[in-house]
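Look through the sequence and the model before reading on.

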Amino acid sequence: MSQSQQVKFNIPVLPLRGLVVFPKMMLHFDVGRKKSALAIAKAMDVDQQIFLTSQKDASVSDPTYDDIYGVGVVCKIIQVLKQPDDITRVVVEGQYRARIVEPIDNDSHMEAVISPIKDKKRINTARELALVRLLKETFENYMDLTPKLPSDILFKIGLSTNAGELADYVAGNVVIDNNIKQSVLETIDVSDRLETLIDALQNEIYILEIEQEILDKTKEKIDISQREYFLREQLRTIEEELGQDDSPESESKKLRDKIEELNIPQENKNALLKECSKLEKTPYGSNEASVIRTYIDTCLELPWNEKTDEIIELENVRKTLDKNHYGLTKVKERIIEQLAVRKLTDKAKGQIICLVGPPGVGKTSIAQSIATAINRKSERIALGGVKDEAEIRGHRRTYIGSMPGRIINAIKKSKVNNPLLILDEIDKLSNDYKGDPTSALLEVLDAEQNHSFQDHYIDMPFDLSNVMFITTANDYDAIPAPLRDRMEVIELDSYTRQEKFYIAKKHLVKKQLELNGLTNKTFKITDKAIYTLIDSYTREAGVRTLERTIASVMRKSAVKIVDNSASSVKVTDKDLEALLGPFKYVDDSKQKKDQIGVVNGLAWTSVGGTLLPIECAVMPGSGKIELTGSLGDVMQESAKAAITCIRSRANMFNIDPDFYKNCDIHIHAPEGAVPKDGPSAGITMACAIYSALTCNPVRHDFAMTGEITLLGRVLAIGGLKEKSMAAYKAGIRNVIIPKENERDLVEIDSTIKDHINFIPVSSIDEVINLAVKKATKATEKQKNSGIIINTQKTSKRTSITQ
């Protein structure tokens, strides 16, 4: 009886690493493990039969029976060859499937009792025939994608008629995962074996198709690149024949000559020459060559030594600035001072000037006029919304699409190394995860450091000490402190009514006449009409809205001229409502009257000062305090301090000391949608509370600003210039200010001081005595308004009813 017919028998076992053997399959492999070599020797001594099975984990060097699969193939050893280094090459042929029944303890090699596994004898069903055909078709598709397989494999498969042998032959000749091969080996049912193999092949085909698609795309790119290379080589040969040598060597030589001509430090030259050497070794037309070429060109275009000659004639500068800008005396004086010093010595390091003021007052335009006056080229750099440090310092060349920062770009654009750079909206800088541009500007705006400013892209020091910097901002407090420390801040005030009139008459009207195709003969506007535009159609710190309004008037006048309804147009104040519609703003001073609980406060905003009326209403209640009008935390605390201050002086003011228990107090700042904050409305709210509690009206021609304390002291505030401008525009005649701000009156425009009486105070008592009218009893009109005050001399208590 042969072994294949026996039920069980002993046989040496050899574990395979990374291999799966099938019946009828020829396999050769090398054996290096001692136990495996002894198992082969044992098999050769008996009948050349050995049981081969795969290891579950190929990394295990000394496997046990738990580390191998239970199903394998009994093979006949065909040939054994000894190799150097104790390696044995073995050639075997698979015979039939078998299963390990029981391991046998043997220290020298692995041995086990196995039981043969036979395919079930069955009739070829239609399903099985279909599976055989499908397997053959699938394997043909697999062969198309794997040309490395021998062509005779397909021929043998075509001749195969036994479904089980076909499945084993295909599984042994395809490159699939060993776990799947082992699954096929362990599947006894032929139909199931075919299905398992078909699924594995179809999955492998899908993966191979994706690989082929990727390879095709890569090959296509390589073909295009090679085609371009051959065409360039042909072009290069043709150009050489025609005497037009544009080879990399020729281009590099031209760049080297340009670099040698530059008057720059030797270390900078060496760096550029090194880049030229790289360019010579880089294939022409490659991405790297393009990057190097762009970098060298950028460095060569920088104005390392080019500069404009300053023409510093102070009288001419004064005339130029006065011609283009009305007012702005402080700015003009500071510029004249700096230019005078530069005329006397070249060693003076220019202080960076920062112009701070509301929008539309001429910060940017006067900086450009300064450049024109001293014969310097100017470039404007808008910093609003910049949040990336690379915008200032540039991108490093390791990044795709890198470029120099805005500072170097502006100098490159100006083509001189001593331009006037206007850093506009420096208070609008922000930062994020990409860095802080404010920190990058510290070196740029520091006269002690900017002589060797290093842009990340250029990667060489560039001297910025000859550059004149003027920065602009709207909000002084929004400028980072380190930047403020490096700049001399000059604050620009809002324009007065008179200044706006002169600016409109001398500049805006002339500018818009030219832009709208009109002349002095075809269009005229009266002085009174300009004043009406200022008072009734605009309310701003600068003149931008005024200029747009004048342009609107001219456009409507141009329509009349084009329609032949008039050869010329003269606009008076009476014509404005027909042209622009009803007045947008009404003169508040004409409508004001003394009221109870209403006090004119003054507020500062980033676009100038504004009038901020504070209203207070007192009603019978349980002592609630309501604060409305979008008040910030500081302003709410200021209101509470004002209430406490009045309460502490109740007896002095002849007010019911228990008003905080018996009355509800509501303080409101109109325009509730606009957020408001700050302590400077303290005395305004205290005065409004006093007026509401005593029914004494507050004078309408008074406005006030100042911080209040619990003890009634009036503390200093900021933004007095803007607030006084707001009072002037509103027609206020008297402004109460803290005593400590009296020294700031020197900076107030003389026009404002001529129209407003500034009254310094140090306590709330002075404020009330000045602004509140004293009344002995409530008038009939006050009764109708809902507030009545009765004073009983016996108890000295004030009852307030409504």
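This is a predicted model: local features need pLDDT of at least 70, side-chain atom pairs count only at pLDDT 80 or more; totals for chains, interfaces and linings use all residues.

Residues are numbered from 1 along each chain as its sequence is written, and side-chain values use heavy atoms, with hydrogens and water left out.

**Helix H17**

- Helix H17 spans residues 497-515 and bends by about 45° at Ala504. The bend is the angle between axes fitted to the seven residues ending at a position and the seven starting there.
- Helices (H or I, at least four residues) and strands (E, at least two) are DSSP runs, numbered from the N terminus.
- The buried residues of H17 are Glu499, Lys500, Phe501, Ile503, Ala504, Leu508, Val509, Gln512 and Leu513. Buried means under 20% relative accessible area, exposed means over 50%, and partly exposed lies in between (1.4 Å probe, protein chains only).
- The cover over these buried residues includes strand S14 (523-525), helix H18 (527-537), helix H19 (544-562) and helix H25 (720-729).
- Just after H17, Gly517 has a positive phi of about 70°.
- Lys505 also belongs to H17. Lys505 is partly exposed, because its relative accessible area is 40%.
- Lys505 is in contact with Asp527 and Ile530, leaving aside neighbours within four places in sequence. Contact means heavy atoms within 4.5 Å.
- Lys505 and Ala367 are 138 residues apart along the chain, and their C-alpha atoms are separated by 22 Å.

**Aromatic rings**

- Rings of Phe, Tyr and Trp (its six-membered ring) pair if their centres lie within 6.5 Å; planes under 30 degrees apart count as stacked, over 60 as edge-to-face and the rest as tilted.
- By this rule the model has 9 aromatic pairs.
- Tyr295 and Tyr457 form an edge-to-face pair, at 5.8 Å centre to centre and 70° between the planes. This pair links distant parts of the chain, 162 residues apart: Tyr295 is in helix H9 (residues 287-301), and Tyr457 is in the loop between strand S10 (453-454) and strand S11 (461-462). Both Tyr295 and Tyr457 are buried.
- Phe501 and Tyr531 are stacked, because their ring centres are 4.3 Å apart and their planes are at 5°. This pair also joins distant parts of the chain, with Phe501 in helix H17 and Tyr531 in helix H18, 30 residues apart.
- Phe501 counts as buried at 5% relative accessibility, and Tyr531 counts as buried at 18%.
- Ring pairs link Tyr326, Phe501, Tyr502 and Tyr531 into a cluster.

**Charges over rings**

- A charge sits over a ring if NZ of Lys or CZ of Arg is within 6 Å of the ring centre and within 35 degrees of the ring normal.
- The charged end of Arg484 sits over the ring of Tyr476, 5.0 Å from its centre.
- The charged end of Arg647 sits over the ring of Tyr660, 3.4 Å from its centre.

**Pocket and cavity**

- On a 1 Å grid over the protein atoms alone, a cavity is a set of points where a 1.4 Å probe fits but cannot get out, and a pocket is an open set with protein on both sides within 12 Å along at least five of seven lines; lining residues have an atom within 4 Å of a point.
- Grid points are joined across faces, edges and corners, and a volume is the space filled by probe spheres set on the points.
- The second largest pocket holds about 660 Å³ of space. Its lining has 27 residues, of which His325, Gly362, Ser365, Lys511 and Val543 lie nearest its centre.
- Helix H12 (363-373), H17 and H19 are the elements that give two or more residues to this lining. H17 gives the most, with 6 residues.
- There are 2 cavities of 30 Å³ or more. The largest cavity has about 40 Å³ of space.
- Asp493, Lys721, Ser724, Met725, Ile748, Asp749 and Ile752 line the largest cavity. H25 supplies the largest share of that lining, 3 residues.

**Two threonines**

- Thr187 lies in the loop between helix H5 (178-186) and helix H6 (190-242). Thr187 is buried, with a relative accessible area of 15%.
- Thr364 lies in helix H12 and counts as buried at 19% relative accessibility.
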